[in-house]
Amino acid sequence: MFQNKRVVIIGGSSGIGLAAAKLILEQGAEVIIASRSSDKLENAKMELGKKTKSYVLDIAEEEQVKKFFAHVGSIDHLVVTAAETSGGPFLSSDTEMDKKMFDNKFWGQYYAAKYGAKTISPEGSITLFSGIVAYKSMVGSATLGAINAAVAALGKTLALELAPLRVNVISPGIIDTPSRRKMSEVARNQFYMGIANKLPVKRVGVADDVAKGILYLISNSFVSGTVLHVDGGHILI
Ligand SMILES: NC(=O)c1ccc[n+]([C@@H]2O[C@H](COP(=O)([O-])OP(=O)(O)OC[C@H]3O[C@@H](n4cnc5c(N)ncnc54)[C@H](OP(=O)(O)O)[C@@H]3O)[C@@H](O)[C@H]2O)c1
C-alpha cells in the first residue's frame with residue numbers, strides 16, 4: 001500500500017513519531033524524519049535503518065520549516081508529532097515559557113501544515129497532534145489544554161480548506177514515551193497506576209498504540225476532519 005510513498009514525520013526521532021516511523025517503514029514507504037537534535041536523529045536511524053533520511057529542524061522557526069519543505073520536495077503524507085510540553089499551576093506559570101510551548105506545539109504545526117500542504121500529493125494527508133487535556137481538563141494543564149484545542153480546531157478547518165488533501169488530528173491519552181521521563185521513575189509509575197486504574201482499558205498507552213492510529217488515518221482515504229482519540233477511553237472518565 002505504501003510502496004513508492006514518501007512520508008515525513010516531524011518529531012520522528014522519539015516516542016510516538018519514532019514508533020510511527022517504524023510502522024510506516026514496514027508498510028514499504030520511504031520515511032523522512034525531522035527534529036531539533038542531531039543526536040536523537042542519529043539514534044533513531046540506528047533503529048530505523050541508515051536508509052532513513054533525517055533533517056535537523058526546529059518546527060517553531062517559520063523560515064526553517066519553509067526551507068525544509070522546499071528541500072524535501074514532493075511527499076505523500078505529513079505527520080507532525082513534534083512538541084515539547086510542560087505544566088504547572090496557572091497563577092505561578094512563566095508566561096514566556098507558556099508562549100514558547102505555544103510556538104513549539106501550535107505554531108510549529110501551523111507552519112508545517114502551511115508550507116507542507118503545497119508539497120503533498122492531492123491524495124495524501126496531514127496528521128496533526130492534539131492531546132487529552134483539551135478534552136478532559138486537568139489541573140496544571142491550562143496552557144497545554146488551550147494549545148491542544150487550538151490544534152484540533154486548526155485541523156478540522158484545514159480539512160475543508162485544503163481538500164481534497166485529508167487533514168486529521170490525533171488526541172493521545174496518557175502514553176508512556178520519553179516525554180514523560182522528566183518525572184522520576186517512582187512518581188511516573190504512581191501516576192501511571194492511578195490513571196490506569198480509572199481507565200476502561202486498565203492500562204496507560206504505549207507509543208505503538210498511537211502509531212497504529214496514525215497508520216489508520218494516513219491509509220484510510222475516506223477519513224478527513226476527524227479527531228481520533230487514542231486514549232484508552234480517557235475522555236469518558
Ligand atoms: N506522551 C503522552 O502522554 C502524550 C499525551 C498527549 C499528547 N501527546 C502529544 O503527542 C505528540 C508526541 O509526543 P511524544 O510523547 O511522542 O513526545 P516525545 O517522545 O518527547 O517526542 C517529541 C518529538 O518532537 C521533537 N520536537 C520537539 N520539539 C521540536 C521542535 N521545536 N522542532 C522539531 N522537533 C521537535 C523531539 O525531538 P527533538 O528534541 O530532537 O526536537 C521528539 O522527536 C506531542 O504532540 C505530544 O504533545 C503525548
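A helix crossing is termed left-handed if the near helix is turned anticlockwise from the far one by less than a right angle, and right-handed if clockwise. The structure is a predicted model, in which local features need pLDDT of at least 70, side-chain atom pairs count only at pLDDT 80 or more, and totals for chains, interfaces and linings use all residues. Residues are numbered from 1 along each chain as its sequence is written, and side-chain values use heavy atoms, with hydrogens and water left out.

The protein contains 7 helices and 9 strands (DSSP runs numbered from the N terminus; helices are H or I of at least four residues, strands E of at least two). Its radius of gyration is 17 Å, close to the 18 Å that the globule rule gives for 237 residues, so the protein is as compact as a globular protein of that length (computed over C-alpha atoms; the rule is 2.2 Å times the number of residues to the power 0.38).

The axes of helix H1 (residues 15-26) and helix H2 (residues 38-48) come within 10 Å and cross at roughly 30° (lines fitted to C-alpha atoms over the stretch in contact; angles run from 0 to 180 degrees between N-to-C directions). The crossing of H1 and H2 is right-handed. Leu18, Ala21, Lys22 and Leu25 of H1 meet Ala44, Glu47 and Leu48 of H2 in this contact (heavy atoms within 4.5 Å).

Buried residues account for 49% of the 237 residues (under 20% relative accessible area, 1.4 Å probe, protein chains only). Beyond residues up to four places away in sequence, Phe68 touches Val8, Ile10, Ala34, Tyr55 and Leu57.

Note on methods. Buried means under 20% relative accessible area, exposed over 50%, partly exposed in between (1.4 Å probe, protein chains only).
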